Amino acid sequence: MQQLTDKVAFITGGANGIGFGMARAFLSEGTKVVIADWSVEHLEKAKEILKGNNGAYFVRTNVAERDDLRSAVDEALEVFGKIHVLCNNAGVNGGGTADDPEFDGWDKAMAVNLGGVINGTKLIVPIIKRQGEGGHVVSTSSMAGVVPLPGLAAYSTAKYAVRGFSESLRMQLAPLGIGVSCLFPGATRTGMLFPPEDKPDQDFHEGEANDFQKALWDAARAAIDPLDTGRAVVEAIKENRFYIFTNREFLAEVMERNREMEAAFPIQDPPAGRVKFETMRADMTRNLLATGNRAAGAKEAGDFGLDLTSTGVD
Ligand SMILES: NC(=O)c1ccc[n+]([C@@H]2O[C@H](COP(=O)([O-])OP(=O)(O)OC[C@H]3O[C@@H](n4cnc5c(N)ncnc54)[C@H](O)[C@@H]3O)[C@@H](O)[C@H]2O)c1
């Protein structure tokens, strides 16, 4: 989508942090925004900041609850008539480690960080498709969806999955003129990552903090402004770019990880049958992505010859 003026963006977790940065970046493009968020406090604060701006509509919703989100989407359609851009951005910290025998926190974190992205996409993409005017879906993953930390298994699991979900969606929607991007923030100064001085009402004792915690606070002090992240999202939509990386400090580690993967492949040549199939599959996905800028109403992904919706195995 090169033109965002008078389009409508639905942003989950839109009342604070990165989501609110996106909302402000869209508004400055003349895009109408639906700010969908669970926190009443965040919604009130965002309303106050955007007071008098009739391009913004606020709705309280929980992305983890399908019916609740469906009502919010219906409400948005009643107000603005259409939705062209979906930003699946709502997210929460926590959820626990991979070896912790506790399920409640895990399930709750997955329900928001992954379930919310799936719910938003499955509810809104059919609307974007039906309108036939093109559109874009941006889902917020994290650098923890590329280079995880040991204590953040639930978070990383969801964020890796958001990336996989988005890559598949990208191929599915490219022939319809609907773009897909995945946002991978690193340290960004928000309600999720902040130094103690941002929350003076909370009881932080910097003197008692360990070196890791202190370094994290320093990273928060040097973190990206969420409005810059919002602007990066707008640029990526206009350029139809899939990967949105904002934090260059991760590059060397990502390259190192990619080299480790490359080095792990067997050295024997694979048999011709396997090579033929995987070449066809790779060509198919390449062709699908090459159609990305075609007008709306182009072929569906299934029309490209190979049906990969089933493995044929029960
Ligand atoms: N801040 C960072 O450094 C950072 C880094 C990597 C990824 N992210 C990701 O960015 C996204 C935005 O986070 P942020 O940093 O702006 O945090 P934030 O806490 O400032 O904003 C998140 C917003 O999501 C809302 N929200 C939470 N659960 C919700 C739910 N179930 N339904 C609807 N709204 C809900 C919150 O009320 C809040 O307004 C998240 O997906 C997060 O995982 C953030």
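Two strands are taken to pair if DSSP finds at least two bridges between them. Strands (E, at least two residues) and helices (H or I, at least four) are DSSP runs, numbered from the N terminus. The model is predicted: local features need pLDDT of at least 70, side-chain atom pairs count only at pLDDT 80 or more, and totals for chains, interfaces and linings use all residues. Residues are numbered from 1 along each chain as its sequence is written.

Strand β5 (residues 135-140) has a parallel partner in strand β6 (residues 178-184), joined to β5 by 6 bridges. Strand β4 (residues 85-88) also pairs with β5 in the parallel sense, over 4 bridges. His-136 of β5 stands opposite Val-85. His-136 also stands opposite Gly-179 in β6.

A residue is buried if 20 or more other C-beta atoms, placed from the backbone, lie within 10 Å of its own. In β5, 6 of the 6 residues are buried, so the strand is largely enclosed by the rest of the structure. In a regular strand, side chains alternate between the two faces of the sheet. Gly-135, Val-137 and Ser-139 point one way from β5; His-136, Val-138 and Thr-140 point the other way.

The ligand is surrounded by 30 residues, counted when the C-beta atom, placed from the backbone, lies within 6 Å. The closest are Gly-13, Gly-17, Gly-91, Thr-190 and Gly-191. Helix α1 (residues 17-27) gives the most to this shell, with 3 residues.

Terms used
A residue is buried if 20 or more other C-beta atoms lie within 10 Å of its own, exposed if 12 or fewer, and partly exposed in between; C-beta atoms are placed from the backbone.
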